[in-house]
Amino acid sequence: MNAFADSAQDPSSAVQVVLENSLSNDQPSASSLGVHPVETPTVDTRFYSFGHSGDRPPSLCIAVIGATGELARSKVFPALFALFYSGFLPENVGIFGYSRKPLTDEDLRKLIAETLTCRVDHNEKCGDKLNDFLGRTYHINARHDNKEGMRTLNSRMESIEGNHEANRIFYLSVPQEALSDVSSCLADFAQTQKGWNRIIIEKPFGFDAASSRQLTSSLLSKFEEKQIYRIDHLLGKDLIENLTVLRFSNLVFEPLWSRTYIRNVQVILSEDCGIESRRRYFDGYGIIRDVVHSHILQTIALFAMEPPVSLDGEDIRNEKVKVLKSIRKLELGDVVLGQHKVNPSVMHGEYLTSLTPTFFAAALYIDNARWDGVPFLIKAGMGLIKHRVEIRIQFNHVPGNIYRERIGHNIDLTTNELILRDAPGEAIFLKINNKVPGLGLQLDASELNLLYRDKYNVEVPDSYEHLLLDVVDGDAHLFLRSDELEAAWELLTPVLHEIDEQTVSPELYEFGGRGPVGAYYLGAKHGVRWADD
Ligand SMILES: NC(=O)C1=CN([C@@H]2O[C@H](COP(=O)(O)OP(=O)(O)OC[C@H]3O[C@@H](n4cnc5c(N)ncnc54)[C@H](OP(=O)(O)O)[C@@H]3O)[C@@H](O)[C@H]2O)C=CC1
Ligand SMILES: O=C1O[C@H](COP(=O)(O)O)[C@@H](O)[C@H](O)[C@H]1O
């Protein structure tokens, strides 16, 4: 008999309670409930206070559904371990892997141990912490839409929670087609009534507006909006969080943040890797559904929104959705699609069999008072020359510049530019015109640099860590709310349908090249020179 059997409650009564009570029991944030950095325990406290109340903080159980999948192993478990390691999870935490594979707890521990690493900057006692973490990790073997499996999950969680206040997170790391069934089953049979329940679902959150609406309505029939966290790990990058910090906590940027001073904005997500290892996923979705509808549009929304009333997640989401709804209808003529050719370094490389794009560029306009007429050029692509993730803000010319004679003819090269970069190497640059030291008056376009690796001697946490901690803390500002999701699909769905109906062929481009030449024509059409070469 395992340690759980003794303390597990009668599953049928637990189910009854679940059905009788509201399913939507999201409570105040974990931080307000005491889940904040704590010392990682040196003793195993899992069972010490069962059966009596005291002032112990609420427990936290986290279930990873689809635990044997690529995402769970490569990202989710390592991020959970990193949070545990750094003391961001409560001491009475339980980690559950849920899958259809007949694994024991020990099997799962072995499987995930391969991908757990100790962070380089604080590897003290790492082995102990690893063992401690693995000792709190359990496996449930069942089908994802199976009520007995979810009941087992519930009762095993209860054996960790005892009669105390308890919170739960369910990470649905399963293919899109399984989301509705899994979420519905766990809503009915695996939620706790002794604290909050939150579920995390992975992008792309549907295939188009209609399928996304269907998924949303299925989720909202079982959960409240505030329980749902739609995760896109690219939004957990420091670049994204810093976008609003930079803008709203410095006097020098916000006054310039409008059509009066900004000439164009470029949002660039360019990958040097191809789609080889993710061909099946990618063939089904393509780059628009993979990164544009969530990551790129969210970046634009955060960039362009009006100042929110506060840092509260709902206040920020209220502003983001207004931007998304203000984006002008996207015309197919303002879109460039591409597909990279075979990566020559991959043995038996194949072309995609479909017309699925691996490259997308477009010009967007936000029809509101702040951004009227400012082109937002977006570019997302795989198999390109460089890995580059950045936002570039090009400013207008200095009106009546008295130094124009010194600046030369190519005025485009000498306007100010602010560059917020995630890759390669987190950095912020501000391009300015500067006098070259010495006699005479020669001007030079230089950069004020903030290179993170030089300034901050810290390892930047993986974005899954950042976002998982936000879920624990109940901070939803980087997660898409249903209305934001709907607005994003409303923008992209007509174009996606036109592409399908007209069987638009993507422009083929060399692997490791600069992408389709069409992107340069697009830039020229909107008076923008791509600045990522
Ligand atoms: N991998 C990545 O980099 C990214 C993934 N995502 C999203 O994350 C989710 C998970 O990704 P990934 O791990 O790659 O996915 P996988 O295809 O590897 O599936 C994950 C696990 O889900 C279980 N599973 C598979 N099919 C079904 C099904 N029909 N019903 C129920 N369970 C099923 C399997 O576990 P078992 O057989 O053990 O039960 C599988 O190991 C997906 O929604 C994907 O869109 C998003 C962005 C990037
Ligand atoms: O979600 C995705 O992200 C990766 C890039 O993630 P990173 O953490 O390595 O920057 C991208 O390659 C992939 O297409 C997309 O699905």
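Which residue in S13 is the bridge partner of Arg 421? The points below take up this question after the two ligands.

1. The model is predicted. The remarks that follow concern the surroundings of its ligands and one set of paired strands.

2. Ligand 1 has 18 residues around it. Those that come nearest are Gly 66, Gly 69, Ser 99, Ala 178 and Glu 202. By kind, the shell around ligand 1 holds five nonpolar, seven polar and six charged residues.

3. Helix H3, which covers residues 70-85, contributes three residues to the shell around ligand 1. That is the most that is given to this shell.

4. Around ligand 2 are His 233, Leu 234, Glu 271, Asp 290 and Val 291. In this shell two residues are nonpolar, one is polar and two are charged.

5. Strand S11 (residues 388-395) and strand S12 (residues 417-423) run antiparallel and are joined by six bridges. At Glu 417 in S12, the residue standing opposite is Gln 394.

6. S12 is also joined to strand S13 (residues 427-435), by five bridges, and these two strands run antiparallel. Here the opening question is settled: Arg 421 has Ala 427 in S13 as its bridge partner.

7. S12 and S13 form a hairpin with three residues between the strands. In this hairpin Gly 425 has a positive phi, near 85°.

Technical notes. Residues numbered from 1 in each chain as written. Chains lettered and ligands numbered in written order. Predicted model: local features only at pLDDT ≥ 70, side-chain atom pairs only at ≥ 80, totals over all residues. Near = placed C-beta within 6 Å. Nonpolar A, V, L, I, M, F, W, Y, C, P; charged D, E, K, R; others polar. Helix = DSSP H or I, 4+ residues; strand = E, 2+ residues; numbered from the N terminus. Pairing = 2+ DSSP bridges.
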